[in-house]
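Colleague: I have a model open and want to learn how to read it. Can you take me through the features one by one?

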Amino acid sequence: MSTAPEPEPRTPKPALVFDDPLDQQSSDDTDRGWGERTEGNGAADLKRFLDEKPPHHL
């Protein structure tokens, strides 16, 4: 008498979500999403300003 192997359980497919996507905060809605640095002090801010200043702003 041979027994057939049990089928492996399938993972269910994700359900469709009909929520309003505009109700959720995206990464662009935060300072971190725009590449802003939340830590720092006055000296770090000045260094960043000088590093990122366009060449025509002397």
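Modeller: We go from the whole chain to single residues.

Modeller: This is a predicted model: local features need pLDDT of at least 70, side-chain atom pairs count only at pLDDT 80 or more, and totals for chains, interfaces and linings use all residues. Residues are numbered from 1 along each chain as its sequence is written, and side-chain values use heavy atoms, with hydrogens and water left out.

Colleague: How many helices and strands does the chain have?

Modeller: Helices (H or I, at least four residues) and strands (E, at least two) are DSSP runs, numbered from the N terminus. Here there is 1 helix and 0 strands. Helix α1 covers residues 42–52, and L46 is found in it.

Colleague: What share of the residues counts as buried?

Modeller: Buried means under 20% relative accessible area, exposed over 50%, and partly exposed in between (1.4 Å probe, protein chains only). Of the 58 residues, 0% count as buried. The chain exposes about 6400 Å², and carbon and sulfur atoms supply 55% of that. Such areas come from the Shrake-Rupley method with a 1.4 Å probe; for residues, only the protein chains shown count as cover.

Colleague: How many salt bridges does the structure hold?

Modeller: The criterion is a side-chain nitrogen of Lys or Arg within 4 Å of a carboxyl oxygen of Asp or Glu. The structure holds 2. K47 pairs with D51, their closest N and O atoms being 2.8 Å apart. The side chains of E52 and R48 meet at 3.2 Å, N to O.

Colleague: Why are K47 and D51 separated by about one helical turn?

Modeller: Because they are 4 residues apart in helix α1. E52 and R48 also lie in α1, 4 residues apart, about one turn.

Colleague: Are K47 and D51 buried or exposed?

Modeller: Both are exposed. R48 is partly exposed, at 23% relative accessible area.

Colleague: And Q24, which residues is it in contact with beyond its neighbours within four places in sequence?

Modeller: Contact means heavy atoms within 4.5 Å. Q24 touches D19 and D29 in that sense. Q24 lies in the segment before α1, and counts as exposed at 53% relative accessibility.
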